[in-house]
Amino acid sequence: MKYKQKLALILFEVLGHEIDVKELEMLIEKPKNQQHGDLAFPCFTLAKVKRKSPNVIAQELSEKIQSPIFERIEVVGAYLNIFLNKKLVSEDTVAEIGSQKEKYGALNIGNNRPVTIDLSSPNIAKPFSMGHLRSTVIGNSLAFIVEKCGYKPIRINHIGDWGTQFGKLITAYKLWGDAEKVKQNPIKELLTLYVKFHEEAESDPSLVEQGRSWFKSLEDGDVEALSLWQWFRDESLQEFSRIYELMNVEFDSFAGEAFYNDKMDRVVKLLEEKQLLVESDQAQVVELSDEELPPCLIKKSDGATLYATRDLAAALYRKENYDFDLSLYVVGNEQSLHFKQLIAVLDKMGYSWAKKMVHIPFGMMLKDGKKMSTRKGKVVLLEEVLNESIAMAKNSIEEKNPNLTDKDTVAKQVGVGAVMFHDLKNFRMNDIEFSLEDMLRFEGETGPYVQYTYARACSILRKANKATETSIQPSSISWEKEWKVVILLTEFPNAIKRSFEQFDPSQIAKYIVDLAQAFNKYYAEVKILEENADQHARLALVASVTIVLKEGMRLLGIEAPEEM
Ligand code: ARG
């Protein structure tokens, strides 16, 4: 990225400031084939400004632009193909990474302004679904990415802990529940009760009435209802926290839907004052026909508030409490309409910050091409999936490296990392096919492959016994064989920028796979551990690779074992 900017500046000067630097920078391409240079500049746009043929311009420019950072420049038709000075760029890059260490690639776009990230947000008394897994993994990575870009991330787990379903659950528990069973296996037991409620309600409609009345008691603050609700919530959160611990995910807030109970009257009042509430089918709604959206339901006929009402209160609370510069919602694709309505209502209320709210949708997790669901007690328990992945990682360690110390820690890092990487390596809108075997492969684009490459690089440094020495001493090395790796290292800041602009961690996942592949190829070609005049420079390059791979994995929320 840096060299693209440098080239743009040089062109800017040579062209007598005729064309904006940013525009020039945008015109610069990165040739797919390195034989066509490291950077290419097409002269078609200039041809229009200069009223000369692009080929002539290319020829003229090639004679005028000069800098020690260019090794040579070739003119091919209307293109300038620019070959960078390998020695200069390589030594500069390795020195930069060596001095900045894990700060390499940091961008100061954010000026420490807050970004709230709504992520994970499972529903209590229900299993943690694959959708919640995706939200957790993508949101967690985005938090690291915005932080790397200079913002202050605030991770909010908007727990689904309120709604009519809790009236039904209390009814079911009072009728058929067993405290011991709930304590032993809370989510499974509560789900069983919930399913039973629906089955029984088919023949006994009075149950529905009881459910409604328990929810009313809950909303009115009835002590028994509240304490049961609190208990279900605590037990569920405790179960979720085991999953978060496995994945190393932390939150700044667990303010869920119930947190906004006492903050909704205000929302309704504000909507009334702004004359946005209208009656429709006995319910209170905000009309959004101007926006070509269906009306947003605010209050039901019995006065009960809804998911959307709570999200309105939450948005106001987040603005007032955190003064966010950006407010992200990492929630599945199927809620796109909800977020469009939410943002449209806030916009109608006159809040200019509504434009700073972004829904970050994602596709489904599929098993054999079908949606993986948690319906009807037939549950794919995420915790079991993670534990199975850890067990498989452990087996593979026993096979490949039986003498490894602390196998269990490494197995956890690899097993969990594999699941997370699998989720992050594709653009988030794509549906992904769930397959533990694929996730855990040591070859191909997998988490273990990147981790393994990192561990291999660490082992080279250990063997050379020069730790993470990155200072460059004058050497004879031409940096020819190293060049592919070096160029990729210079690209890291770029990958981070793209992942931020598109809220897309896969940019980083793909980048670290590329870097790992280039490094492995280099490792196969060059005897790095051979003691010679080039060794010092080569080890410095290996150290740079370890720094960038580790930092890339960290941005995805994945750990990097030094041995595996
Ligand atoms: N609990 C919701 C669900 O499982 C997701 C909540 C997303 N966040 C929000 N602010 N609406 O569908």
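## A loop residue to start with

Lys 101 sits in the loop between helix H5 (86-100) and strand E4 (114-118); helices (H or I, at least four residues) and strands (E, at least two) are DSSP runs, numbered from the N terminus. Its phi is near 50°, a positive value in a residue other than glycine. With a relative accessible area of 32%, Lys 101 is partly exposed. On that scale, buried is under 20% relative accessible area, exposed is over 50%, and partly exposed is in between (1.4 Å probe, protein chains only).

Arg 51 is another non-glycine residue with a positive phi, here about 55°. Arg 51 belongs to the loop between helix H3 (44-50) and helix H4 (54-64), and at 76% relative accessible area Arg 51 is exposed. As background, most residues other than glycine have a negative phi.

## What kind of model this is

This is a predicted model, where local features need pLDDT of at least 70 and side-chain atom pairs count only at pLDDT 80 or more, while totals for chains, interfaces and linings use all residues. Residues are numbered from 1 along each chain as its sequence is written, and side-chain values use heavy atoms, with hydrogens and water left out.

## The overall picture

The protein has 21 helices and 13 strands. Its C-alpha trace spans about 85 × 65 × 40 Å along the principal axes. Of the 564 residues, 55% count as buried. Contact here means heavy atoms within 4.5 Å; among contacts between residues at least 6 apart in sequence, 73% join residues at least 24 apart.

## Nonpolar cores

A nonpolar core is a set of buried Ala, Val, Leu, Ile, Met, Phe, Trp, Tyr and Cys residues joined through side-chain atoms within 4.5 Å. The largest one has 157 residues, and the members touching the most others are Phe 41, Leu 61, Leu 133, Met 247 and Leu 549. Helix H21 (residues 535-556) gives the most to this core, 13 residues.

Which residues does Leu 133 touch, not counting those up to four places away in sequence? They are Phe 128, Met 247, Met 365, Leu 382 and Val 419.

## Two helix pairs

Helix H19 (residues 483-501) packs with H21 at an angle of about 25°, axes 11 Å apart. Axes are lines fitted to C-alpha atoms, for helices over the stretch in contact, and angles run from 0 to 180 degrees between N-to-C directions. H19 and H21 are therefore roughly parallel: angles under 35 degrees count as roughly parallel, over 145 as roughly antiparallel, 65 to 115 as roughly perpendicular and the rest as oblique. On the H19 side, Val 485, Val 486, Leu 489, Phe 492 and Ile 496 make the contact, meeting H21 residues that include Leu 541, Val 545, Val 548 and Leu 555.

Helix H9 (residues 186-203) and helix H11 (residues 223-247) have axes that come within 9 Å and cross at roughly 130°, which makes H9 oblique to H11. Pro 186, Ile 187 and Leu 190 of H9 meet Phe 232, Glu 235, Ser 236, Glu 239 and Phe 240 of H11.

## A buried loop residue

Ala 304 lies in the loop between strand E8 (296-299) and helix H13 (307-322). At 8% relative accessibility, Ala 304 counts as buried. Leaving out residues up to four places away in sequence, Ala 304 touches Glu 219, Ile 298 and Lys 299. Ala 304 and Glu 219 are 85 residues apart in sequence, yet 8.9 Å apart in space, C-alpha to C-alpha.
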